[in-house]
Amino acid sequence: MNAASIEIDSLPRNHALDACFLGPYGENDGLLEKLMVEFLRDHVYWRRNFHPEDPPAIATATARHPDYLAFEARMRRELHQLSASLKKSVPFHSPRYLGHMVSDLLLPGLAAQMLTLPYNPNNVSEDAAPVTVDLEVQVGLQLARMVGYPHDPAQPACAFGHLTSGGTLANYQALRLALALKAFPVALRAAQVPGLELPADDWDAFNLAPPASIALLQQWQQWLATQAPADRMRWLARVEAERIEQRGLAAFFAAHPTLQPPRVLAPITAHYSWSKAVKLLGLGRDQLMLLPSRGMRMDVDALESTLTRCARARIPVLLGVAVLGSTEYGTIDPVDGMLAARAHAVRSGLGFSVHVDAAWGGYLATVFRHADGRLRTRAEMVGEFEHFPSPAVHAAFAALGDTDSVTIDPHKLGYLPFGAGAFVCRDHRAVALLAERADYVFHGPAPPDYLARYRNLGQFIPEGSKPGAAAAAAYVTHKVLPLDHANFGRLQRQTILAAEAFRARAQRFADEGTGLLRVLVPFEPDSNLVCLALNPTGNRSIAAANAFVQSLHDAMRCDPRQPVQTREFFGSVTSLRADVLGTREAARILDALGLEAFGDGEGEDRLMILRHTLMNPYLIDRENGISYIDRYFEFLWRLVQRVEAAA
Ligand SMILES: Cc1ncc(COP(=O)(O)O)c(C=O)c1O
């Protein structure tokens, strides 16, 4: 019996999960159709009942008019063509899809999104979305609870979160907030606001730890409230004039010559959205320092020594980024270690924010949460998995609540439609620094009540108009499947179990291939992404190994010229780059594969590997006793033989 079939037999059946998705075969079509018809009718009744005294503006007889019929015919034709061409889409719903970070969609989210679409709410503000803007703020609180941030809006230091188009924009929002928080104390000093406990100099002001900056912001707001209205306006204008958001980077740093643009410290595994974000903010890519990793997890020693160097050279740091589920390997950075390094740096006068890019792994936090919000101990989780979570992974998730902000993508492991990313910060009071005045949309002074305040969402977020339907989808999904281990966590658990089964099956594949093929899982997976490096036995050339893996991938990638049915499985590839790996890791991997060292020639500075994202809930189909993991490796074996024979 192999590892995958052990999983098939030992997992308890949970029929509630069978109602979660439309299903690989569209099994739940009846359920979705019933919901759609019911709520479409409901929507139509709502239209009619708005002012039932208004007669129908479209005459019933119009439906027989030639112009009407011609339009309908054109519409049908185009829709049929669209529907036909969409059959070339990538079959994300299938357990044969092991490619990128996407899978089937959760029915509650899909239905809520489709239900909300005809109402077309615009979550820029309550004027355009009286219902869904609240839902978006609630989603922020749901996610805050999931990661262990304070989530009671009655408490002053409650978290705040909002949706974005994706992880890219959420990461950008993290940078924006960190910069606002970092530069604000400098503006207070420059404006010479009296009566505040201001830092001694610009360097100290630019290096406060986030809680100290927020405390100073509070002090300033309280002081301002004591001023007469005319003085208040004058002081507000004076401080605004000194802010980095007003002056721009060039003028701000010219006015504060002891400061220089701050660095962003991220692991080498960081997603390329970080490069986009530093460019967008105007900091420039030179300010993004990619730190080495160990086994594709941030090397905390390297972080510590970089921080020491920065403190010594008086180079400020804006943000330390931890990746919770790296894009290529699903590896988890030591969030706890990074927080310890930050605490140490703060003691030597170097304060900065710590952000977790959990675009991929964020929802795995559900596995670590009790229904009452408590963190589960590692001991409580033992027995639910083969290996997960390692002590390091547990410590990383346990530390999430102490970070400053987090990116989580509902459109990845949240199984919700694109585009739904999310940004959540631990203390909402910092967000006041992002407020944009747009008087034609947002009226009056900021309301003191948390929910009322964030109904003017567009003031605080990078985007303007945005779909309320995405917020409805996330909110309803989190209500139907609460973000704890007994609910949403069950889905996440399945993905981890599938990855463990995949890892075990990969070992068997490697053993069976001896003599023909060398196979290596280059980094032990922390979560639900598993990569495979492959090289035909006897081959020493990296370029030839890459050509071999490219041929394998050609048989598993989307090719718009061919029907998707010609594909047995879908997978993805990534490459191990010499500069990312470092000498020791490169030697370990290349030796194991029997390959020569990386070279400078075309295609010789990187090794192409297969990458598998194990999200589909039916990778192990216990109804029919099928392991698509087994089937994938059987397919891969046939493919290897075919490619070898053709070589
Ligand atoms: C770790 C990480 N961060 C950020 C992103 C960007 O997310 P999006 O594509 O939703 O903008 C990704 C996408 O794969 C990711 O894996």
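Two rings of Phe, Tyr or Trp pair if their centres lie within 6.5 Å, with the six-membered ring used for Trp. Keep that cut-off in mind for the tour of this predicted model.

**Stop 1: the aromatic cluster.** Select Phe-502, Phe-509, Phe-569, Tyr-632, Phe-633, Phe-635 and Trp-637. Ring pairs join these residues into a cluster. Across the structure, the count of aromatic pairs comes to 26.

**Stop 2: Tyr-97 and Phe-570.** Show both side chains. The ring centres of Tyr-97 and Phe-570 are 6.0 Å apart and the planes stand at 40 degrees, so this pair is tilted. Now colour by secondary structure. Tyr-97 belongs to the loop between helix 3 (66–85) and helix 4 (107–116). Phe-570 is in the loop between helix 19 (542–554) and strand 12 (572–577). The pair therefore ties together parts that are 473 residues apart in sequence. Are the two residues buried or exposed? Both Tyr-97 and Phe-570 are buried.

**Stop 3: Phe-569 and Tyr-632.** Phe-569 and Tyr-632 are both buried.

**Stop 4: charges over rings.** Arg-96 lies over the face of Phe-569, 5.1 Å from the ring centre. Then jump to Lys-182 and Phe-206. There, the charged end of Lys-182 sits over the Phe-206 ring, at 5.0 Å from its centre.

**Stop 5: the ligand.** Centre the view on the ligand. How many residues surround it? The number is 14, and the closest are Gly-167, Thr-168, Thr-327, Asp-357 and His-411. From Gly-167, a backbone N or O atom lies 2.9 Å from a ligand oxygen atom. From Thr-327, a side-chain N or O atom is 2.8 Å from an oxygen atom of the ligand. From Asp-409, a polar side-chain atom lies 2.9 Å from a ligand oxygen atom. On its own the ligand has 390 Å² of accessible area, and the protein covers 86% of it.

**Stop 6: the cysteines.** Select Cys-20 and Cys-310. Cys-20 has 8% relative accessibility and so counts as buried. Cys-310, at 3%, counts as buried too. How many disulfides does a search of the whole structure find? The search returns zero.

Definitions and conventions: Residues numbered from 1 in each chain as written. Predicted model: local features only at pLDDT ≥ 70, side-chain atom pairs only at ≥ 80, totals over all residues. Heavy atoms only, no water. Disulfide = S-S within 2.5 Å. Buried < 20%, exposed > 50% of the residue type's maximum accessible area, 1.4 Å probe, protein only. Phe/Tyr/Trp six-rings, centres within 6.5 Å; stacked < 30°, edge-to-face > 60°. Helix = DSSP H or I, 4+ residues; strand = E, 2+ residues; numbered from the N terminus. Lys NZ or Arg CZ within 6 Å of the ring centre and 35° of its normal. Near = heavy atom within 4 Å. Polar contact = N/O pair within 3.5 Å; in protein donor to acceptor, adjacent residues only side chain to side chain. Areas by Shrake-Rupley, 256 points an atom, 1.4 Å probe, with all protein chains shown as cover.
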